[in-house]
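I begin with strand pairing and then turn to helix packing and the nonpolar cores.

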Amino acid sequence: MTNKRAKAIMVQGTMSGAGKSLIAAGLCRIFAQDGLAVAPFKSQNMSLNSAVTPHGFEIGRAQALQAQACGIPAEPAMNPILLKPTTDVGSQVVVMGKPVANMAARDYFKYKTSLIPTVRAAYDDLAARHDVVVIEGAGSPAEINLKHNDIVNMGMAKMAASPVLLVGNIDCGGVFAQLVGTHALLEDDERRMIKACVINKFRGDVTLLQPGLDELERRMGVPVAGVVPYTPLDLDDEDGFSAMQGAGGANALLDIAVVRLPHISNFTDLDALAALPEVRVRYVTHAEELGHPDLVVVPGTKATLGDLAWLRACNLDAALRQHAEVGGLVLGICGGYQMLGLEIHDPLGMEGGGRQEGLGLLPVRTTFTQEKTLCSSVGATLQLEGPFADLSNLDIAGYQIHMGQTTLEGGMPFCLLTDAYEDGCVAGTVMGTYLHGLFDSVPFTQALIDMLLARKGMTGVRINAQDRAARREHQLDMLADTLRTSLDMDLVYRILEEGI
């Protein structure tokens with residue numbers, strides 16, 4: 001490591017879902033509010049919900065959110081390794097924002113040691129430019145079968161010489177066993193790096209928890225830095241647990257069905273709609289669940305060919321075609337757009353090779369290529385026809401993450417993006433686009449809502465689209481306020497200053 005570097009503090013968890021990402025984001029926002037130059041870091045992330053940086057690199061969405069909490073642009077050094085699962089035992093490996101290979105888990109386990117210099121260099125780079133680096137771990141540091149050559153939990157803490165806050169999720173039950181058991185499975189030098197523990201997602205009277213906290217401190221030999229209450233926040237979800245539960249009630253005015261693909265990616269595309277109480281966003285996995293929604297969305301996927309085969313096995317292909325045939329609206333995003341076309345060709349074997357017939361709802365053909373498109377995009381919708389006419393000539397913005405090139409054989413393009421690039425296709429009641437984050441464009445989303453209401457004869461009803469960027473800032477401030485209230489921030493700052 002370099003001689004001049006930021007002070008570090010690391011957030012590790014007893015399990016996936018402990019709340020590491022949001023605790024780290026909240027600390028990032030607090031340090032930024034307190035006038036420090038702070039940056040997030042996670043050496044290795046596994047997620048299908050990624051983000052594109054302003055300069056066209058791909059990182060985990062959690063680190064992009066944490067960068068926003070810091071008030072700085074996201075960059076690849078914040079997440080030098082991103083694993084995007086393609087199967088149950090394999091992932092696409094993204095290094096410093098660019099894909100390098102698809103690997104089986106066993107092969108990656110051997111390969112990752114060669115990435116240690118990359119991780120070190122990325123951390124050094126951030127540490128040289130900031131006062132504080134908030135590091136996030138992954139899963140649990142007590143995965144004893146994976147501890148050899150660890151680069152994301154205690155291995156990373158040692159590289160950065162960072163003290164550790166250990167977070168447990170009480171909402172799942174067994175939090176004392178989580179924390180004490182994790183502590184017990186660590187080596188002596190690793191235990192010494194844990195300076196405090198945090199209990200997260202607590203519901204109830206915290207005074208009733210005190211005897212347990214006292215015993216926890218006695219057994220672990222470190223203080224409890226705080227008990228963070230269960231706080232519903234409308235922030236990007238890395239793993240999709242909240243998104244998959246859907247939103248809106250039975251009395252919602254609009255019903256949007258989203259096909260829950262096995263390898264669904266960038267599911268936060270729907271957050272802008274799911275956040276509206278008047279809109280029901282529900283996820284479907286079987287044909288009989290589809291019903292008669294106002295809009296069907298086929299979202300992005302990391303395994304287009306595999307998920308297309310799954311659609312057919314579930315009879316959702318026939319259900320989608322029937323929905324479109326009777327005038328129902330269908331929107332495909334990225335991989336979903338590709339599936340709606342006539343054919344997908346994989347000449348280089350990016351997803352196993354061969355050709356597969358699409359759903360035939362859009363007159364487009366897709367060919368997978370080795371080069372991955374990663375970019376932020378701005379532009380405007382074109383003069384559209386048919387049921388989507390009300391979405392014409394609207395400013396839009398978003399980002400693209402895909403490895404396919406799609407050509408139109410009919411219909412019309414959906415929009416014109418930066419550098420005169422035509423994207424997407426509209427044909428009848430079906431529309432497709434490569435643009436993720438489309439619904440974060442308020443004018444477009446407002447026009448879409450108004451159009452859907454008008455199709456139901458509800459022209460006098462108003463549902464206001466949200467400014468997602470402003471709401472995200474407000475939610476990050478709420479998160480910081482919650483942590484300031486529930487954590488002993490004097491202790492946190494002392495841990496930060498004293499290090500290991």
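1. In this predicted model, strand β6 (residues 81-87) and β7 run antiparallel and are joined by six bridges, and the two form a hairpin with two residues between them. Within that pairing, threonine 87 has glycine 90 of β7 as its bridge partner.

2. On its other pairing, β7 meets strand β8 (residues 98-104), again in the antiparallel sense and over six bridges, with serine 91 standing opposite methionine 103 of β8. The hairpin of β7 and β8 has two residues between the strands, and methionine 96 there takes a positive phi near 50 degrees.

3. Is strand β7 enclosed or open to solvent? Six of the six residues of β7 (residues 90-95) are buried, so the strand is largely enclosed by the rest of the structure. Gly90, Gln92 and Val94 point one way while Ser91, Val93 and Val95 point the other way, and all of them are buried.

4. A separate topic is the open sheet, in which six strands follow the order β2-β9-β1-β10-β11-β12 with parallel pairing. Its edge strands are β2 (38-41) and β12 (224-229), each of which pairs on one side only, and the twist averages 20 degrees from one strand to the next. Between β2 and strand β9 (residues 132-136), which run parallel, there are four bridges, and alanine 39 has valine 133 as its bridge partner in β9.

5. Two helices lie across strands of this sheet. Helix α1 lies across β1 (7-13), β2, β9, β10 (164-169), β11 (194-202) and β12, and runs at about 155 degrees to β1. Helix α16, by comparison, lies across β1, β9, β10, β11 and β12, running at about 120 degrees to β1.

6. How do α1 (residues 20-33) and α15 (residues 468-486) pack, given that their axes come within 8 Å? The axes cross at roughly 90 degrees, and the two helices are therefore roughly perpendicular to each other. The contact involves, among others, Leu22, Ile23, Leu27 and Arg29 of α1 and Glu473, Leu476, Asp477 and Leu483 of α15; by class it has nine nonpolar, two polar and four charged residues.

7. The axes of α1 and helix α16 (residues 489-498) come within 13 Å and cross at roughly 85 degrees, which makes α1 roughly perpendicular to α16. Here the contact is made by Leu27, Ile30 and Phe31 of α1 together with Met489, Val492, Tyr493 and Leu496 of α16, and these divide into seven nonpolar, no polar and no charged residues.

8. The largest nonpolar core has 70 residues, of which Val259, Leu311, Leu391, Phe414, Phe439 and Phe444 touch the most other members; the largest share of this core, seven residues, comes from helix α14 (residues 442-455). Leaving aside residues up to four places away in sequence, phenylalanine 439 touches Asp269, Leu270, Ala272, Leu273, Leu331, Ile333, Phe444, Thr445 and Leu448. A second, separate core of 50 residues includes Ile81, Val133, Phe202 and Leu209.

9. Finally, threonine 304 lies in helix α11 (residues 304-313). Why does threonine 304 count as buried? Its relative accessibility is 3%, and the cut-off for buried is under 20%. Not counting residues up to four places away in sequence, threonine 304 touches Gly335, Gln338, Met339, Ile344, Glu351 and Phe368.

Technical notes
Residues numbered from 1 in each chain as written. Predicted model: local features only at pLDDT ≥ 70, side-chain atom pairs only at ≥ 80, totals over all residues. Heavy atoms only, no water. Buried < 20%, exposed > 50% of the residue type's maximum accessible area, 1.4 Å probe, protein only. Contact = heavy atoms within 4.5 Å. Pairing = 2+ DSSP bridges. Axes fitted to C-alpha atoms, helices over the stretch in contact; angles between N-to-C directions. Parallel < 35°, antiparallel > 145°, perpendicular 65-115°, else oblique. Nonpolar A, V, L, I, M, F, W, Y, C, P; charged D, E, K, R; others polar. Core = buried A, V, L, I, M, F, W, Y, C linked by side-chain atoms within 4.5 Å.
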